[in-house]
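I opened a new notebook page for this protein. These are my entries, in the order in which I looked things up.

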Amino acid sequence: MRRIPLILLVALAVLAGGLFCAPSAQAQEQDLAQLINDYRAECGLGELLYSDTVATAAARHSSDMAAFDYFAHVTGDSTYFMAGSRARQRMEACGYPRGCWAGECIAGGYTDPAAILEAWKASPSHDAVLRNPEYKVVGIGVAYDAAAAYRWYWTADFGGCVDAGAWELPEPLPWPDIPAGDEELIAAGTWALDEGIFQGRTDGTFGPWDSLLRRHVALVAERMGLPCTLTTDDWAPALRSDVRDAIPGLEWLEERWDEPVTRSQVLRLMYRARDADPTAALLEQWFAETYVTWQGVTRQPRLIGHAALMVELSREHDVPLWLALGQCWRESQWGTTGLSITHNMLWGVKDAGGRWGELRGIVAGFADYATVEECIRAYFRLMDQGTYRGLIDAQDWRGLLDYYAPATENDTAEHYRIVMAVRAWAETRGIE
């Protein structure tokens, strides 16, 4: 009769002594140990070190159970231990120190470490062992014998003392072909799997050096909620420049724009952008898509490349970003309508005794800024002072625009209409 998988446990305080070092754990044992640590972390408990000494006792007990076809915490026939030995005696025989907490969970018939953990978590007594705060180390052993009733036999032994054979488990690899020493790529892969951002290949690997199609880049950006000009029906190979242009605001550490982009490169870029505020990228995309025709000449705004600065200054000075965008549109359609860089550019921020920006001279009563950045900074400083500050704090947008563009000089109603229209455009793009 085929037997179903079983689990048992024992937990006790032990006295032991001596030392024995065994080979490092194999992949299956490490996988289960890491899963146990992940579960303990979810419970707010400390990470267990992996003890080769404890693992020796666990591996030998699993070997005995498989070889002599029994399933119990108490040793029956054995190649290694006296009959009747329990976990504490087996750990002691392999060199684990005395005077420490000890516990044990065993399982039979399982092939998947994740399934074993779930079974132990579902059992209150096993779960208590997994979540015992006294434990500091774990050692795991698995054995297989086709002639035994359960074939696969697992033992997890826990100890409350850090012994000489204990070491820290390495960061688990999200895919087996991710380089073990590449910390950023490991972290990026783990994040991508957890969030469903990146999927591996059908054979369970990642293929870090494989190149991507443009549609793949679009899919990944879509899963992250990032703006992207590429589409999922574009089957052309993706170059690094394609990704740079399609997803504004990504943090590149190197160039070589004409090379095909690899899966690992895009994974790194997405990981670096995971906590980034998407506002700057959305704004930069808006700038890149905007063209204004004035006096027969069509141009893009001078604000391209300054989105991140505008977002930063908007928050630093507590000035709504939409207000800045709207006023700049009303003044100059974001710097395209014939204004020079050195005369009355962008907002045409007035100077009063040199208080705003680094002046290069005064032209017709307006500040003469040498760069776009200087004028942007001057605008936000101006809005954060005096009457402007009070009107913004009161959210009196009509009053602010009347003060900024008085009726004696401007069509104030039209100014207000345009600024509010830009506000609506920004809101439809998710830009606050």
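**Entry 1: an aromatic cluster.** I started with the rings. Trp286, Phe287, Trp329, Trp334 and Trp425 form one aromatic cluster. I noted the rule for a pair: rings of Phe, Tyr and Trp (its six-membered ring) pair if their centres lie within 6.5 Å. Planes under 30 degrees apart count as stacked, over 60 as edge-to-face and the rest as tilted.

**Entry 2: what I am looking at.** This is a predicted model, where local features need pLDDT of at least 70 and side-chain atom pairs count only at pLDDT 80 or more, while totals for chains, interfaces and linings use all residues. Residues are numbered from 1 along each chain as its sequence is written, and side-chain values use heavy atoms, with hydrogens and water left out.

**Entry 3: the whole protein.** I counted 16 helices and ten strands. Helices (H or I, at least four residues) and strands (E, at least two) are DSSP runs, numbered from the N terminus. Of the 432 residues, 48% are buried. Buried means under 20% relative accessible area, exposed over 50%, and partly exposed in between (1.4 Å probe, protein chains only). I also looked up contacts, meaning heavy atoms within 4.5 Å. Among contacts with a separation of 6 or more, 65% are between residues 24 or more positions apart.

**Entry 4: strand β5.** How many residues of β5 are buried? Seven of the eight are, in a strand that covers residues 152–159. I then looked for its partners. Two strands pair if DSSP finds at least two bridges between them. Strand β3 (residues 100–108) runs antiparallel to β5, with seven bridges. Strand β4 (residues 137–144) is also antiparallel to β5, over eight bridges. I checked one bridge on each side. Alanine 107 has tryptophan 154 of β5 as its bridge partner. Alanine 143 has tyrosine 153 of β5.

Entry 5: Arginine 151 lies in the loop between β4 and β5. Its phi is near 65°, a positive value in a residue other than glycine. I wrote down the background: most residues other than glycine have a negative phi. Arginine 151 is partly exposed because its relative accessible area is 46%. I found another positive phi at aspartate 318, about 55°. Aspartate 318 sits in the loop between α11 (307–316) and α12. Its relative accessibility is 52%, so aspartate 318 counts as exposed.

**Entry 6: the disulfide.** A disulfide is a covalent bond between the sulfur atoms of two cysteines. The rule here asks for a pair of cysteine sulfur atoms within 2.5 Å. The count is one disulfide. Cysteine 100 is joined to cysteine 161, S to S 1.7 Å. The link has -100° about the S-S bond and is left-handed. Cysteine 100 is in strand β3, and cysteine 161 is in the loop between β5 and β6 (166–167), 61 residues apart. Are the two ends buried or partly exposed? Cysteine 100 has 2% relative accessibility, so it is buried. Cysteine 161 has 23%, so it is partly exposed.

**Entry 7: aromatic pairs.** The count is 19 aromatic pairs. I looked at tyrosine 150 and tyrosine 153. Their ring centres are 6.1 Å apart and their planes are at 75°, so this pair is edge-to-face. Both tyrosines are buried. Next came tryptophan 322 and tryptophan 397. They are edge-to-face too, 5.0 Å centre to centre with 80° between the planes. Tryptophan 322 is in helix α12 (residues 321–332) and tryptophan 397 in helix α15 (residues 397–404), 75 residues apart. Tryptophan 322 and tryptophan 397 are buried.

**Entry 8: charges over rings.** A charge sits over a ring if NZ of Lys or CZ of Arg is within 6 Å of the ring centre and within 35 degrees of the ring normal. The charged end of arginine 274 is over the ring of tyrosine 271, 3.7 Å from its centre. Arginine 398 lies over the face of tyrosine 416, at 3.8 Å.

**Entry 9: helix α9.** Helix α9 spans residues 263–272, and ten of its ten residues are buried. Among them are Arg263, Leu267 and Tyr271. What do the buried residues of α9 pack against? They pack against α6 (183–195), α7 (214–224) and α8 (240–246). Tryptophan 252 is in the loop between α8 and α9. Its contacts, neighbours within four places in sequence left aside, include Leu269 and Arg272.
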